[in-house]
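I opened the coordinates and worked through one topic at a time.

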Amino acid sequence: MEIQNISTEVLVKGYEMKEEYYECLFCEQSYHSDEVFPYDNRFLTAEGMMKIHMELAHTSPFHALLALDKKISGLSDVQIEMMQHFFEGKTDQEIVNASNLSSVSTVRQHRFKLREKEKQAKIFVALMQLMKNPDQYQIHKGARQVDERYSAEQKEREKVLTTYFKNGLDAGIETIPSKEKKKLIILQHILKRFDKEKHYHEKEVNKILKTVHVDFVSLRRHLIEYGFMERSDDGSEYWVK
């Protein structure tokens with residue numbers, strides 16, 4: 001899974017629970033949840049061992065995220081340097097002494113810009129979520145317009161489902177559509193296979209999605225990304241949103 005598609009809560013921890021393993025987001029290290037591990041004259045759980053791994057191999061989730069390619073993080077060299085100093089709790093004057101910045105006021109300006117970037121990021125994320133399902137928030141005037149629009153949408157939905165579910169709506173599909181609108185229609189239909197009142201383990205989710213397409217991992221990710229399902233922070237439980 002691409003790291004950009006992982007939730008903020010999981011990124012902050014630096015690892016996630018997938019099926020029966022705690023897996024590091026930044027390397028291939030994993031620990032089985034049913035095992036205990038000897039470390040420093042004591043025994044640790046799988047999650048405890050993963051926390052030790054984060055410290056020994058990556059220093060911290062912060063450092064691992066900061067070390068990502070700039071194309072992924074979207075941060076400039078200066079921003080990366082400033083965030084490192086801020087994370088270490090240095091004073092403005094200490095940062096001036098340790099960097100190429102000429103004054104304390106410049107450091108304060110960088111602090112301000114990063115706070116503004118954080119606020120802007122929240123708005124951007126909200127806008128992107130709204131863009132994925134704009135019809136839910138649009139107001140349409142006139143009952144006739146609504147009826148006509150609903151009829152057209154229903155015909156399009158039925159056409160997409162018939163095209164992809166060639167062996168019946170309870171069967172599987174050969175390909176996952178790349179176009180977002182068609183993908184949303186498929187995901188909405190798949191959601192009917194889940195009980196809205198039930199919480200599922202990842203294995204149960206996978207079992208259901210395997211009846212739809214062999215790439216059940218992508219389907220599971222899409223259901224989370226598009227807000228059809230939610231999962232616990234450790235990835236152990238899933239439910240219909």
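Entry 1, aromatic rings. I counted four aromatic pairs, taking rings of Phe, Tyr and Trp (its six-membered ring) as paired if their centres lie within 6.5 Å, with planes under 30 degrees apart called stacked, over 60 edge-to-face and the rest tilted. One of them joins Tyr-15 and Tyr-22, edge-to-face, with 6.1 Å from centre to centre and 65° between the planes. I then looked up burial, where buried means under 20% relative accessible area, exposed over 50% and partly exposed in between, with a 1.4 Å probe and protein chains only. Tyr-15 is buried at 3%, and Tyr-22 is buried at 12%. For Tyr-31 and Phe-37 I noted ring centres 5.0 Å apart and planes at 75°, so this pair is edge-to-face as well; Tyr-31 is buried at 11% and Phe-37 at 15%.

Before going on I wrote down the basis: this is a predicted model, in which local features need pLDDT of at least 70 and side-chain atom pairs count only at pLDDT 80 or more, while totals for chains, interfaces and linings use all residues. Residues are numbered from 1 along each chain as its sequence is written, and side-chain values use heavy atoms, with hydrogens and water left out.

I found an open sheet of three strands in the order 1-2-3 with antiparallel pairing, where strands are DSSP runs (E, at least two residues) numbered from the N terminus and two strands pair if DSSP finds at least two bridges between them. Its edge strands, each pairing on one side only, are strand 1 (15-18) and strand 3 (30-32). Strand 1 is joined to strand 2 (residues 21-24) by four bridges, and Tyr-15 has Cys-24 as its bridge partner in strand 2.

I counted 13 salt bridges, each being a side-chain nitrogen of Lys or Arg within 4 Å of a carboxyl oxygen of Asp or Glu. Asp-77 and Lys-70 meet at 2.8 Å, N to O; Asp-77 is exposed at 51%, whereas Lys-70 is partly exposed at 41%. Lys-119 and Glu-116 form another, with their closest N and O atoms 3.6 Å apart. Because these two residues are three apart in helix 7 (residues 104-132), about one helical turn separates Lys-119 from Glu-116. I also recorded Glu-174 with Lys-166 at 3.7 Å between the closest N and O atoms, and a network in which salt bridges that share partners join Asp-92, Arg-108 and Arg-111.
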